[in-house]
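Me: Could you show me how to read helix packing and pockets in a model like this one?

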Amino acid sequence: MDRKELRAEHAFAVRQLCGFGSDAGFQEGSIMANTVGRLSFSNKVILAPMVRVGTLPMRLLALDYGADIVYCEELIDLKMIQCERVVNDVLETVDFIGPDERVMFRTCSKEKDRVVFQMGTADPKRALAVAQLVENDVAAVDVNMGCPKEYSTKGGMGSALLSDPDKIESILTTLVRGISKPVTCKIRILPTIEETVNLVKRIEKTGVSAIAVHGRMKEERPRHPVHCDYIQTVAESVSIPVIANGGSVDYVKTHDDIEKFREATGASSVMLARAAMWNPSIFRSQGAVSVDEAMEEYIKYAVRYDNNTFNTKYCLCQMLKDRVESPMGKQLHAAQTSAEICEVFGMTDFYKKAQADLEARKSYLQANSSSLSDQPTLDGDVITMAVKFERREYPPQITPKMYLLEWSRKEKLEQPVYETEQRAQDRAFQSTVTVANKKYRSTLWEKSKKFAEQAAAIVCLRTLGVPEGRIGEENSGLVNKRKREERKQGVSEDSGITDSTNRKRRITEPSQKEEQESNDKMTVVNGSCGQTVP
C-alpha cells in the first residue's frame, strides 16, 4: 500500500467517525470538493449500465471508440459493502474483492475520470458506505432506479424505488452530502407525464448532477416503443442535464442516429445500451467498424485485464447475435478458458505474448518487492506493515500463526496474544498481536478475524526476520520438529485411525487449540469485537 492508499484508508476511518458525513463541517468540505474537477454530464454520449456487459473490457473499448462517459454494471450494495479494495500491481488495476475472492468491480487509471459506478440499493446508509468505498477510484456514483428485473426489484431496488419517492429522496440526499463526487440516478418513466415530471423535480432538489431517463415504463420491454415525448417534457422541466436512454431499437442504428435521438427527446445527453452491446464502435464518429474487428479489440482488453472467462464469452455472444449458432459461435460456446477463446478467433499468438508480458511484470514486481510499504513502521507503540494474508501462499494446514507460536515456545516466551477489532461499516477486521511486550499489526483490514490474526502474525515474523511458512521459503524446522516429536509418541493402541489421518490431526491441533483460546477471549466493546487481555 503506497502513501496515497494509506491516506484513502485514513479518510475512510475519518468518515466513520463523522457519522456517514453528517457532521456539518464535513458537509461543507464535501461541497467545496464538489466544485473542483467535477464530471460534466452535458452534451455527452454515454455507455449505459448493463448487467454482465458493463465490465472493464467493454467500458475501455467504448471509451476507445468515442464514448465520453461509461457506466459499470449495476452492483448490489449488500455485496459491495463486504468487498475489500485491493491494488493489483500486476494488472495495474484497483479491484474490489468479495469474501468469496470474486472480483466484484475492477477499474483502472484509463477510465478513472470517466467511469460512473452504478449501485443497486434501497438503504441510504448502505448506499453511502459503498459510495465512500469506491469514490476515490471513480468519477461519479449512480443509483439504479430503473431496472425492472426481479433480481433488482425483489430487494426494493431498481424500479421498485419509483413507488417510494421518500426513500429516493433519502438515498440521493445522503449520497450528495456524503461524498465528494457527483451523484446521478437512472429512472424509468411513470404512467403519466405529470407523475414523471413531479418525481424528477423532487429528485433535482436532492442536488444530483444529472438524471438518466429510460423512455419506457417499468412494465414495458424493448419491443415497446420508446416515449420520447416523456423525456422531452422532463428535459424542459428541470435545469440539470437529462440523459435520454432507450433508443437503441427504435432510433440508433448508426453513429449519426445518436444526434437524431437527442433531438427527438430534447435531452442534453444520450445513453446507449443494446446498440453499444451489439457493436461498441457505435460511438465512433467516423462510422462503426465491423463486429469481428470490435470483438478482437474486446478480447485484447479481456486478456490484458484477466476478465472472467464466462463474462468474456457472454459479451462476445451478444456481439455475434444471429451468428451465435454458426461454427464460430459453437466453438466459442465450447471454450472454457481465455486461451481457448483466443484460439477460436485466431489470436493464440496474441494470448501467448500477453501472458508472457504479465508473467514478466509479476516477476519484476516480486524481485523489487522491498518497497517502502513492506518496511516496518512505528505507529505509536505498534509496529505496523502493509501486508495481507494470502491462503494460497502457504501449504495446507500451515499458517504464520503456527510459526509464530512455535518460535515463541522455542524462545521460551509467553504465547502470542491477539486483540481483534471489527470495523462496523464494512465488517472488516484488524488484529494486533503482542509478543515479548511488543505489538505488531497490519495496516490492511481483512475479511475475517482469522485472516486478520494471520496478517498480524506475518508482520511480527517479518519484523523479527523469522520464517513464516510460505511455499518455497527456506524451512525453519520449527513446525517440522514438533511433528517429529509427536510421531515418536506413537499411535494410540486402541485407535483404528490410519497413520496419515493421525499426522493430519496432529498438525492441525495446535492451530485449533490456538483458535479456541483466541475465541474464548473475544468480547464486544462499543459495537466492535476485541480480545479481552488477561
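Reply: Let's begin with a helix pair: the axes of α12 and α13 come within 10 Å and cross at roughly 170°. This is a predicted model, in which local features need pLDDT of at least 70, side-chain atom pairs count only at pLDDT 80 or more, and totals for chains, interfaces and linings use all residues. Residues are numbered from 1 along each chain as its sequence is written, and side-chain values use heavy atoms, with hydrogens and water left out.

Me: How are α12 and α13 oriented to each other?

Reply: Axes are lines fitted to C-alpha atoms, for helices over the stretch in contact, with angles from 0 to 180 degrees between N-to-C directions. Under 35 degrees counts as roughly parallel, over 145 as roughly antiparallel, 65 to 115 as roughly perpendicular and the rest as oblique. α12 and α13 are therefore roughly antiparallel. Their contact (heavy atoms within 4.5 Å) joins Val 291, Met 295, Tyr 298, Ile 299 and Ala 302 of α12 to Asn 311, Thr 312, Cys 315, Leu 316, Met 319 and Leu 320 of α13.

Me: Which classes of residue make up the contact of α12 with α13?

Reply: Ala, Val, Leu, Ile, Met, Phe, Trp, Tyr, Cys and Pro count as nonpolar, Asp, Glu, Lys and Arg as charged, and the others, Gly among them, as polar. Here we find nine nonpolar, two polar and no charged residues.

Me: At what angle do α13 and α14 cross?

Reply: The axes of α13 and α14 (residues 327-334) cross at roughly 165° and come within 10 Å, which means α13 is roughly antiparallel to α14. On the α13 side, Lys 313, Leu 316, Cys 317 and Leu 320 make the contact, and on the α14 side Met 328, Gly 329, Leu 332 and His 333.

Me: And how do α3 and α12 cross?

Reply: Helix α3 (residues 56-65) and helix α12 (residues 291-304) have axes that come within 9 Å and cross at roughly 125°, so they are oblique. By class, their contact has nine nonpolar, no polar and three charged residues.

Me: Which residues lie nearest the centre of the second largest pocket?

Reply: A pocket is an open set of points on a 1 Å grid, where a 1.4 Å probe fits, with protein on both sides within 12 Å along at least five of seven lines; lining residues have an atom within 4 Å of a point. The second largest pocket has 31 lining residues, with Pro 49, Met 50, Lys 149, Ala 273 and Arg 274 nearest its centre. That lining divides into 13 nonpolar, nine polar and nine charged residues.

Methods. Helices (H or I, at least four residues) and strands (E, at least two) are DSSP runs, numbered from the N terminus.
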